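Welcome! Please take a moment to look over the model before reading on.

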Amino acid sequence: MSQSAQEALASANELYRSGQSQRAEQFLQPILAADPGHREGLELLGKIHMRRREFAAAVTVHQRLVDDHPQDGSARNALAMSLFMQGRPEAALEQLRRAVELRPQEPTFWANLGKVLMTMEDWAGAQTNLEKALELVNDPNQQQLLELLNACLSNQEKPVRTAEFYRPGRRAGRVPDAPPIVKYTPPPLEPEAVVPAMAEAAPEQPLPQAPRLEPSPRPLNLLFVQEAPCIRNYKMASALRARGHRVSLAYTKADLSQMYKGLDNDVYDEVIRLRDHRHFWDLCGAYDLVHCHNEPDQLSVVALGGAAPVVHDTHDLISLRGGGETSLVFFEGLANRSAHGRVYTTAYQEREARELYGVSGPSLVFNNYASAGDLPRRRLPKLSAQDGRTHLVYEGGMGGNSHRDFIDLFHALASAGLVVHMYPTQHDPDLALRLGAIPNLRYHQPLSPRQIMEEMTQYDFGIIPFNLEKGNRRFLDSTLANKLYEYLAAGLPVVASDLQTYREYFAEHPVGFTFTSASDIIQGLPRLRTMAREVILADHVRTYEGEITRLEEFYHQVIDQGTRHGRPVPATPNQVQTPAIAPAPATVTASLPGAAEAAALAPSLSQAILNLHAWVEGNGWAGYDPYDVKGWLLTQRRKGGLDPAKAQEILARERSHPAEVRRELGIAPQINAKAMGLFLGSYALLGGLLPGRDFTRQIAECEQWLLANAAPGLSGLGWGYPFDWESVVIIPAGTPTAVNSYHIGDAFWELWRTTGEAKWLERCLAVGDFLAGDLNQDRLDDQRICFSYTPLDFYHVHNANLCVAEYLARLGQAADRPQWVNLARQAVNFALTDLGQHGHLTYWARGYEPSPANVGQMDHYHTAAELRSLGRLSALFPEWEELAQGHQTYLDYYLLNFFESATVPKLHPNQTYPVDIHAPAEAAYILGQAAPTSEAARRVLANFIPWFLDRCVNPDGSFIARLDLVEGREEAQRFPYLRWGQAWTLRGLTSALAACLALGGVVR
């Protein structure tokens, strides 16, 4: 092959990988014209046809490959898949059987053979072939195979017994009742909708031109404020700086580089992480004006206490979206009424704000425009000119059960013959699979703003849909998406859902119309084509750069009105530096009942922490665990080489002679991922709690080990245990768990919170990707889900479900991932159903226990873990009264029932001894979290800590395994378990110390 042909093929492959199939095919045409049998070219052409769901064309291409290479199993597999998608499963089976004969070690061929047999309801045959694939496959495909195998068993009415072999499918109900495969059947298209024939091609639209910006004659020193900067913030700052203004960013949760890949903080002159309100107030005097971007609105209210005029920018009227929640209305109303100037994204939004809050004074409507730097520099050939079909494009978020649930609309359009292209904000594999089964729907990978505007030039029209039945109509009426201007910049007329703002816009600008149904769109296609021919769409494109002088003039109006006096002289650039660390916990007044007693514990706690730290330094990261012997026994049992009586004998001896039994069995100390996460979380906090102490080396060692030992083949980062363990079924060593990954993610969070380093947020998000993407989600109804414990089970365990919910809510709010926040709310709803009925939770959700023996199961460890998550969730959702009440009721139950004489932590509500070390470790952790706001928790903490440090510490600073009561006196089993005892205790004592310092304590 010539050099030019090689280059063309490489370009075609790159275009295909980036989702540009049409352009990839254009590069292939000269290669195949010169050599019709070019193997690599035909293989890529077949992939292109399959992606476009042009199955007949794919069959032709793949048949040519088989004819030319009859002994190539891959060619026969490709032909089989195109035949199958064309609706010819018998022909597909013939090719797949030949493929496995040619390459019997290729798991993909066996798996595809099993899948085809499943569609023919040959469940036994499918099971045989899928089991063969499972024997051969590597990790990336195993999850899907396990689900398919479970479906085969279920449809043969065989019980599912072993999670280590067949993973239960994603479904509601009990493990033995997996349902058959259910295919998505969308609603029928309105019968009257018929796609009008294509007219002649419209002339190519001219490209919009970026405005030329001159330096402002009156440059300003501006402070942009937001919890985490959004795209509007970024684009506005870019345009202002292009005019010579100085723009700094103050944030509380994340900076620009942490929020958006490919964007960095250079767009701002200075980036400042706000420590607290005082820090914010002190900053304000250094600027000519403070521009606060919502949401939320609290920062605008805080800014009013500073010595600079404040502009409040309403991106969304969140009180409308939130259904009038009291806290939202209060802060939103105060920000709108009290700011010295207001900016709104639409005129409708401005009218609503005036109606809601009686707003008066300077206001500006400033839409979500396009950015001049993202405007297309060329137009791609229209796909409709090549295939004679109509191509619509949508960019933005989609899916879920809210106003972005418009998949049925897209299916109706596709069923009528339109081709709908979707570019999501974030790629959703499940949604891609669902949409990929629908002809004429094209679900592409996300693109950057600059890429997408040029990519969209090859389509005919843009669409802005909303599900008005599921969304808040009043809120949606107030919005105007920036995709409107981006479609126009791509030269596309627009159709939008029938909302007030869009009706007003199209009445003034003849570039589109609103619709209420798919039929409206289809019948209006001639009207859109007329617009494409007769309207110069570039004339209606607005950019931040082109409109920025209006914002400048508004700033000057606000500043010049003179409502604020006595502002300090502006500081010189870079006078204020980004804080290196987050603030220490705010001190609570010692006058609170029980605060003085708790504060007095700080010196003894700090000394116990330093003693335990010294023990860890001497011992190293490896150690023993209560479950390592049980794991050894499970491994032997699975091998079939251990008598049950012998196993019971080993467990009995292990209780009294833990070191000897481990030596006899050859069990070596191991590094445990959860222990490393707990150590990491402790050291992340202790540097700020113990003056003069540096734990940098320990943090680095924990981090390096965790990153090197994360479970492979996951959507993100997850960790398991180094031993087999059993909870109803056997979970193999290394299987990532929700709880382990949560605690490690929590440590990453504390490091991000205390250092502000972007790498820690990236790792937090990777843990979130695992929790949201790899755990099973049992959907009970539209408002409730339950997360599984591992990717291999389908348990309904409250502590695992709640820790996942809390972590996703935390990260979702900090990193603007609303889909995670929504999942978290639904998982909390599942727990609240149980909690609301009983006032406390059991380990297994009631009604989902795997056996009668598990009904009512409670212990100190998991009760404290559930309370810890519920308490943090209450802080994340302060408006959620049912959650706050449920947490308080459960906390009261815990303090009353899980401590003997408000001092000794009880393993179970009706059982004090033995005191397993994990109970006091967890007690220290949850009491530390609750004490700053709960008098009852402070009282118990003041009693418990002296008992803990007196009864449970070994002479070398480590902590015992348990306390037994023998003939009326306590006896200590002093074996120092690492994860179960030392790591958990260090994390618990750190939590308790933080609370005591916040209550006024001091350390020497």
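Here is a short tour of the fold, its cores and its largest cavity.

This is a predicted model, where local features need pLDDT of at least 70, side-chain atom pairs count only at pLDDT 80 or more, and totals for chains, interfaces and linings use all residues. Residues are numbered from 1 along each chain as its sequence is written, and side-chain values use heavy atoms, with hydrogens and water left out.

The protein has 42 helices and 22 strands, which are DSSP runs numbered from the N terminus (helices H or I, at least four residues; strands E, at least two). Of its 1004 residues, 57% are buried, meaning under 20% relative accessible area with a 1.4 Å probe and protein chains only.

A nonpolar core is a set of buried Ala, Val, Leu, Ile, Met, Phe, Trp, Tyr and Cys residues joined through side-chain atoms within 4.5 Å.

| Core | Residues in the core | Members, among them |
|---|---|---|
| Largest | 143 residues | Phe-679, Tyr-894, Leu-993 |
| Another | 96 residues | Ala-239, Val-359, Phe-513, Leu-528 |

In the largest core, Phe-679, Tyr-894 and Leu-993 touch the most other members. Helix 42 (residues 978-998) gives this core its largest share, 12 residues. Leaving aside neighbours within four places in sequence, Tyr-894 has contacts (heavy atoms within 4.5 Å) that include His-860, Leu-867, Phe-899 and Ile-926.

What lines the largest cavity? Among its lining residues are Gly-623, Tyr-624, Asp-625, Leu-978 and Arg-979. The lining divides into 4 nonpolar, 3 polar and 3 charged residues, with Pro counted as nonpolar and Gly as polar.

Note on methods:
Buried < 20%, exposed > 50% of the residue type's maximum accessible area, 1.4 Å probe, protein only. 1 Å grid on protein atoms, 1.4 Å probe; cavity = no way out; pocket = protein on both sides within 12 Å on 5 of 7 lines; lining within 4 Å.
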